[in-house]
Amino acid sequence: MRLVRPSWSGLVRGRQHQHSQYHRRFLLTTASRGSNGEREEQQHSKWSSPGSRSEQLLYAACWAGGLTLGYHWLSDRNNLVLLEGQRVPSEEELEATARQWHVTIRKELPNYRAEQVEQHNCAEKRIWVTYGLGVYDVTDFADNHPGGDKILMAAGSAIDPFWAIYQQHNTLEVLELLEGFRIGNLEGQVVTNADDELGSPWSQEPQRHALLKPASKRPFNAEPPIGLLAEQFYTPNDLFYVRNHLPVPVINPEDYELEIEGGAKETTLTLEGIKALPKHSVTAAIMCGGNRRSEMTKVKAVKGLSWGAGAVGNAKWSGARLCDVLREQGVQPDESKHVIFEGADLDPTSHPYGASIPLAKALDPRGDVILAYEMNDEPLSRDHGFPIRVIVPGTVGARNVKWLTRIVVADKESDSHWQQNDYKGFSPSTDWDTVDFSKSDAIQAMPVTSAICTPQPGARVKVDDDEGHITVRGYAWSGGGRKIVRVDLTNDEGVSWHVAELEQEEIPDGRHYGWSLWTARLPVSEAQRKAGDVEIWAKAVDSAYNVQPEKFEHIWNLRGVLANAYHKVKVKIV
């Protein structure tokens with residue numbers, strides 16, 4: 001994470017009220033040792049703004065409470081004398097101490113639970129983050145520094161994983177600054193007894209990347225920070241959003257079998273048997289049907305996980321084509337039939353997660369449906385369906401069944417809950433008293449959408465050239481293989497629009513299953529600079545000239561799915 005370090009004099013002024021006992025101690029000591037009034041004034045100025053590296057470390061250490069110094073500052077900044085005859089710590093020792101601040105309990109500060117920290121995830125509620133055992137209120141930093149928008153990625157959660165990525169900024173200067181914002185200690189989590197966990201269906205959940213922000217922990221559902229999404233065309237596997245409906249199954253690849261029913265015969269394929277088939281690759285974005293649900297909730301409450309705009313990812317998927325497998329089965333085209341997929345993940349009644357797609361999609365070579373065993377040229381992880389998942393490009397994520405164990409060609413759709421009583425859209429006027437899931441079609445192809453990844457809401461954005469522009473980046477995608485042809489942006493509520501530059505694959509329309517990343521440079525008027533606040537809107541247009549609706553009020557539905565209204569982000573211009 002990139003933190004911009006303020007001047008030490010400014011840091012001193014901002015923390016005097018919290019650490020006056022240390023500050024007075026320094027001032028009184030140096031004043032009493034001075035030889036005349038001029039000397040004393042020099043000392044007062046000097047200790048208000050430490051200059052040398054050792055002074056800075058010692059000063060910050062005293063303030064942080066993580067180091068009991070046992071000595072006072074004296075007149076010569078390069079000749080520190082200890083009143084108790086103690087040795088002056090070396091800079092290496094001071095650095096080692098500073099590295100321990102975040103894993104040291106400060107008894108003079110209160111303790112906070114992780115749930116309390118999570119509530120402070122925006123400037124209005126104050127921005128809190130954790131680092132190790134420390135809890136920090138970084139609102140003032142994020143609000144007053146252009147680089148502070150990076151902190152918003154960790155608002156209400158741990159900053160540790162960000163420093164694992166932004167190692168070049170994990171410096172002692174940053175540690176000193178961060179400790180100055182410390183407000184408390186993070187209470188330890190209660191660890192469930194291992195014996196109690198042995199019989200639990202959650203006892204063998206895989207490890208996840210610390211940057212994934214959970215929308216729920218059991219089952220595990222999480223998305224990456226939105227600010228990271230537009231950085232790479234292919235989403236890194238460990239930062240790809242995770243959508244699980246049930247506990248993650250444990251599957252031995254040597255024992256894996258895929259049952260196929262339909263056509264002239266029934267077949268069972270092993271993992272090696274699937275890998276022996278011709279290998280096909282397709283770039284496809286997978287998006288949860290509830291992506292951006294949290295924005296729709298602002299209109300009126302809905303039922304469902306509170307996803308941000310990060311429940312989407314783009315990857316290269318590789319495996320055997322389903323159309324080849326079904327034709328080998330003797331399956332013939334039939335517009336009325338469906339292909340049902342079942343996974344190895346089971347509910348408490350031992351019913352598997354299930355979904356279905358039209359047979360026409362499954363048999364179409366241009367549909368690119370594959371039995372995937374690789375994701376971005378690596379074996380699937382457990383969270384993403386190891387050893388086999390079906391990839392149905394252009395279709396809502398719910399139909400891309402993971403841990404695939406059974407395929408059935410049938411006359412009807414899957415009768416699973418997730419096909420019949422979920423992932424369906426309704427009129428804004430339909431409520432839970434009037435809803436009838438049987439009257440609504442299951443979502444297949446997703447509507448056109450886009451999202452602004454940077455800057456993030458509340459970020460302080462610096463105009464980056466003489467002509468007065470800001471840079472905006474994001475993603476756009478449309479289901480059904482429809483290509484994104486344009487992304488329009490405005491920062492004056494639609495008075496003027498600006499077209500973004502697109503980064504996308506050169507794939508024929510109709511098979512354009514991957515997302516498009518985009519970049520736009522928006523002019524900022526002098527009036528907007530003076531006003532300070534600017535709201536950026538983004539809308540995408542696909543090859544059928546479908547365009548995002550302007551307002552969530554017009555597309556609200558009780559399940560909060562298909563949330564594809566304009567993406568709007570308010571920022572502060574500095």
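Predicted model: local features only at pLDDT ≥ 70, side-chain atom pairs only at ≥ 80, totals over all residues.
**Charges, buried and exposed**

Biologist: What do the side chains of D542 and R482 meet in?

Modeller: They meet in a salt bridge, with 3.2 Å from N to O. A salt bridge here is a side-chain nitrogen of Lys or Arg within 4 Å of a carboxyl oxygen of Asp or Glu.

Biologist: And where do D542 and R482 sit?

Modeller: D542 is in strand β26, residues 533–542. R482 is in the loop between β21 (469–477) and β22 (484–490). The two are 60 residues apart, so the pair links distant parts of the chain. Strands are DSSP runs of E, at least two residues long, numbered from the N terminus.

Biologist: Why does D542 count as buried?

Modeller: Because its relative accessible area is 0%. Buried means under 20%, exposed over 50%, and partly exposed in between, using a 1.4 Å probe and protein chains only. R482, at 25%, counts as partly exposed.

Biologist: How many salt bridges does a search of the whole structure find?

Modeller: It finds 22. One of them joins R292 and E295, at 2.8 Å from N to O. R292 and E295 are both buried.

Biologist: New topic. What is the nearest side chain of opposite charge to R389?

Modeller: D383, which is 9.6 Å away. R389 is buried yet has no salt bridge. A polar atom of its side chain does lie 2.8 Å from the backbone oxygen of N400. R389 is in strand β17, residues 389–391.

Biologist: And I573, is that buried or exposed?

Modeller: I573 is buried, at 9%. This residue is in strand β27, residues 567–573. Its C-alpha atom is separated by 5.8 Å from that of R460, 113 residues apart along the chain.

Biologist: Last one. Where is D255 found?

Modeller: In the loop between β8 (242–243) and β9 (257–262). D255 is exposed, at 58%.

Technical notes: Residues numbered from 1 in each chain as written. Heavy atoms only, no water. Helix = DSSP H or I, 4+ residues; strand = E, 2+ residues; numbered from the N terminus. Lys, Arg positive; Asp, Glu negative; His and termini not counted. Polar contact = N/O pair within 3.5 Å; in protein donor to acceptor, adjacent residues only side chain to side chain.
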